[in-house]
Amino acid sequence: MSEMATNEPARRREQGSAGVFRAALKRDLLLAFRGKSDLVNPLIFFLMVATLFPLGVSPEPGILAQLAPGLVWVAALLATLLSMDSLFRADFEDGTLEQALLSPQPLILIVLARVLAHWIMTGLPLTLMAPLLGLMLFLPAEGMGGLMLSLLLGTPTLSLVGAIGAALTVGLRKGGVLISLLVLPLYIPVLIFGSAAVQAAVTGLPLAGYLALLGAMLALGVVLAPLAIGAALRISVSG
Amino acid sequence: MAKNKTDKNWMPRWFYQLASPRWCYDITGKLLPAFSLLALVLLLGGTVWALLFAPADYQQGNSFRIIYIHVPSAILAQSCYMMMALAGAIGLIWKMKVADMVAKACAPLGASLALLALATGAIWGKPTWGSWWVWDARLTSMLILLFLYLGVMALHSAIENDTTAAQSTAVLALVGLVNIPIIKYSVEWWNTLHQPATFTLTEKPAMPVEMWLPLLVMVVGFYCFFAVSLMLRLRHEILRRERRSSWVQALVESR
Amino acid sequence: MKFESMADFIGMGGHGLYVWLAYGIALAIVVLNVVQPLRQKRQFLNQQARRLRREKGLS
């Protein structure tokens, strides 16, 4: 994967881990951009889920404003989950995944690049779209900053943990609901502190503690998740 | 399998014997009667003690007696998960079939114990707090533990190949194990309704002797029951996986 | 004994439903986790015996 045939003029090959990471990231982002409809789907789902609550519960500002921090977070969580199934599936089916596992490049870098690409295409747009949902659900203006910060720190963790589920189920024909079953319990800590951060922002309390905890979970995820993802990929491909 | 004298000869002999499904089947056959008797005596005795002789709580009255089921099942549900993850790790690292089988046997057992803990916790809650369900830290954590168990069972049944299923669920169990402290802390922070734990084996219990002694009996009894059920499941799994081997066929014929 | 009479024992000071429900579920789960593996094993052995007989009959 460090040698890609592209239309760029030949230049000095970048050596080392940074080069591998950058090459994998470039490839993943390129592929993601080519499947444009897949990018928009999670965002539409995000919007739809947020619409379900006023319809199902109550459109009153008083009630929705109370629920808004948790609702936006749950919607973001579900939208991320929805997009996880296809993370490795295409590569698994055409054999690219097997090649990546056989290559001498460290699997951890390839995996991290894939998850980062996924977050850039899913988690980041969700974070940017979140204020719109906050508006629709009557989230007070003071909460918007906390909403975006908590999602910014939380959604990468969701991508990392979701990728573990995706890697475990990539070899199975029916991935869909199974991934949700495996991954949702693991999402709960992120949800708890993410929505708590928004809640704190709304009531004017300091956010720092919650953001620090979200950051710590992200750090743990960045270090440990790629190991689990790599192991799961090897098992799924060989099984 | 040629024995390599230079590597790993600090491991006791029984560790390598454990790798043989047949040896495990034989030894569990010998251990079962003893453990079954022990479980029966302890559970029966403990139950009689809990229902008839232990004092009722000053505030909660006789519903307090539910603690003698709730606490042991909660302790066991958590121990079982650790055992499942440990067995999975051993199977993953040393490629031991028996470890895989132990992990597989732990999952439904642990799930039913978690369910028991949840049910008794909820039932206990009705006379104590007035409703059949409360979202307090301990019950919510136990519910999430049940979800983790169900996830492992779902993944196991979705994969056809026995080895792949064992390896995948081992990874999942280990990921879950790392997450359990994080989940516990998050849920506890999220809700501080439930009373703090009143029973551990190492710390001085907050309960008087007449209350924690029968509890101890029930905990040990539950551990024995756990061993019995685990061994029964393990034996069935061994027979199923080794059905093509000659010793299993001889066993089938001798019936 | 902490109870005066059998009626007292069943009633559990008004909490009878809860206590007996809890202990009943516990009994059910304990019995289930012992009976189910035993039955599975018996079914498996019968199944294998039948298969063996079939294969012997064919050869």
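User: Is the crossing in which α3(A) passes α6(A) left-handed or right-handed?
Analyst: This is a predicted model, in which local features need pLDDT of at least 70, side-chain atom pairs count only at pLDDT 80 or more, and totals for chains, interfaces and linings use all residues. Residues are numbered from 1 along each chain as its sequence is written, while chains are lettered from A and ligands numbered from 1 in the order in which they are written. A crossing is left-handed if the near helix is turned anticlockwise from the far one by less than a right angle, and right-handed if clockwise. The crossing in which α3(A) passes α6(A) is right-handed.

User: How are α3(A) and α6(A) directed relative to each other, and why?
Analyst: The two helices (DSSP runs of H or I, at least four residues, numbered from the N terminus; strands are runs of E, at least two) are α3, residues 61–84, and α6, residues 107–136, of chain A. Their axes (lines fitted to C-alpha atoms over the stretch in contact, with angles from 0 to 180 degrees between N-to-C directions) come within 11 Å and cross at roughly 150°. Angles under 35 degrees count as roughly parallel, over 145 as roughly antiparallel, 65 to 115 as roughly perpendicular and the rest as oblique. The relation of α3(A) to α6(A) is therefore roughly antiparallel.

User: Which residues of α6(A) make the contact with α3(A)?
Analyst: Residues are in contact if their C-beta atoms, placed from the backbone, lie within 7 Å. On the α3(A) side the contact involves A:Ala68, A:Val72, A:Ala75, A:Ala76, A:Ala79, A:Thr80 and A:Ser83. The contact residues of the two helices include 8 nonpolar, 5 polar and no charged (Ala, Val, Leu, Ile, Met, Phe, Trp, Tyr, Cys and Pro count as nonpolar, Asp, Glu, Lys and Arg as charged, the others, Gly among them, as polar). The partners on α6(A) are A:Thr122, A:Gly123, A:Leu126, A:Ala130, A:Leu133 and A:Gly134.

User: Does A:Leu102 count as buried or exposed?
Analyst: A:Leu102 belongs to helix α5 of chain A, residues 96–102. A residue is buried if 20 or more other C-beta atoms, placed from the backbone, lie within 10 Å of its own, exposed if 12 or fewer, and partly exposed in between. Because A:Leu102 has 9 C-beta neighbours inside 10 Å, it counts as exposed.

User: What share of the residues of chain B count as buried?
Analyst: Chain B contains 8 helices and 0 strands. Its C-alpha atoms fill a box of roughly 65 × 40 × 35 Å along the principal axes. Of its 255 residues, the buried share is 47%.

User: Which helix gives the largest share of the side of chain B that touches chain A?
Analyst: The contact draws 22 residues from chain B and 18 residues from chain A. On the chain B side, α5 (137–158) and α6 (162–190) each supply at least two residues. The largest share, 12 residues, comes from α6(B).

User: Which two chains share the most contacts?
Analyst: No contact joins chain A and chain C, whose closest C-alpha atoms lie 24 Å apart. Of the 2 pairs of chains in contact, the one sharing the most contacts is chains B and C.
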